[in-house]
Amino acid sequence: MSQLSNFIDVDKPLFDLSTFSGRFEYYSWMTDPRTVILSSDRLLQAKSMIESYRQGKQSPQVKPEEFHYNMKLYSSAFHPDTGELQNFCGRMSFQVPGGMLITGGMLAFYRTVPAVVLWQFINQSFNAVVNYTNRNANSPTSVTQLGVAYVSATTSALIAAIGCKNYWSKKASPLFQRFVPFAAVAAANFVNIPLMRQNEILNGIEVKNEEGEVVGQSRLASVKGIGQVVVSRILMAAPGMLVLPLIMERLEKLPAYRRIKWINAPFQTLMVGCFLCFMVPTACALFPQQCSLDTATMRTFEPELYKEMESKTGGLVPKKVYFNKGL
């Protein structure tokens, strides 16, 4: 190992991921939107450097700051399981700018059915890409399954949005009608994410012991991980889509604001971005990325997979197993 090891441990996490504050700091660092404009060549260069660090081939002149920056680029743009470069929309660094543009559009243009349909279609297309690229990569999904998940999520979002709009336009105040986009987003998340990751639910995902060795498969682990992701995604969107309508209801009554009609969409988009800068790392940090599951629960609810794990471990089944829940 080179002299770099004297002042930095390349295999040690840069943040304490066992605590919420450590995870919040980590995701704030990893979702930095300033890195989204970097070229693929620069990202691949960062990956090459990180791999060199880990193999002990790095130059002794490398500084911790350079290592940290390259690790940020690597963490934000490459899949943690496969190491593949994520597509542009799937990168963690794109979550804030991508989310603010789409959510701003949904909140600003909610008054007509065509506008609702357009923005929900755009949002679910974006979500489908994010859900696929941030899945647990050990459970491949076919093109047919991806198509079913995409169509189902988009349909559920449109049914929720149009249904709520038609109902609330007759029964509720104009303020409540502003919450139509959030109702659609929440409904679609309950459909999109499980369907996009249905193979994990049907076949289970790999679970590991504390040493990182694969000891078996578990469907319960996938259900737990997907459930946590759904909660996180809804929480991520909630403040901007629930608080901002209250703000806009008051602002739009001010004569000065009403005179500047063009400012509505840009202002709401900017405000959503402010919410997401805080809520993206908060929602991602809510649950640990490496999730745990008691094997006693597996023994009760999936005895056949537990027996396979017993066979694989020679009867030395760990009390807890760990898995990547996805994002």
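This is a predicted model: local features need pLDDT of at least 70, side-chain atom pairs count only at pLDDT 80 or more; totals for chains, interfaces and linings use all residues.
**Exercise 1.** Classify the geometry of the ring pair formed by tyrosine 257 and phenylalanine 267, and locate both residues in the chain.

*Solution.* Step 1: a search of the whole structure finds nine aromatic pairs. Step 2: for tyrosine 257 and phenylalanine 267, the ring centres are 6.1 Å apart and the planes stand at 70 degrees. Planes over 60 degrees apart count as edge-to-face, so this pair is edge-to-face. Step 3: tyrosine 257 belongs to helix 11 (residues 255-259) and phenylalanine 267 to helix 12 (residues 264-285), with the two residues 10 apart. Step 4: phenylalanine 267, at 24% relative accessibility, counts as partly exposed.

**Exercise 2.** Describe the surroundings of asparagine 209: where does the residue lie, and which backbone atoms does its side chain reach?

*Solution.* Step 1: asparagine 209 is found in the loop that runs between strand 1 (205-208) and strand 2 (214-218). Step 2: its relative accessibility is 12%, so asparagine 209 counts as buried. Step 3: the side chain of asparagine 209 reaches the backbone nitrogen of glutamate 211 at 3.0 Å and that of glutamate 213 at 2.9 Å. Step 4: leaving aside residues up to four places away in sequence, asparagine 209 touches Val215, Pro318 and Tyr322.

**Exercise 3.** State what percentage of the residues in the chain is buried.

*Solution.* Of the 327 residues in the chain, 49% are buried.

Key: Residues are numbered from 1 along each chain as its sequence is written. Side-chain values use heavy atoms; hydrogens and water are left out. Buried means under 20% relative accessible area, exposed over 50%, partly exposed in between (1.4 Å probe, protein chains only). Helices (H or I, at least four residues) and strands (E, at least two) are DSSP runs, numbered from the N terminus. A polar contact is a pair of N or O atoms within 3.5 Å; within protein, one must be able to donate a hydrogen and the other to accept it, and residues adjacent in sequence count only if both atoms are side-chain atoms. Contact means heavy atoms within 4.5 Å. Rings of Phe, Tyr and Trp (its six-membered ring) pair if their centres lie within 6.5 Å; planes under 30 degrees apart count as stacked, over 60 as edge-to-face and the rest as tilted.
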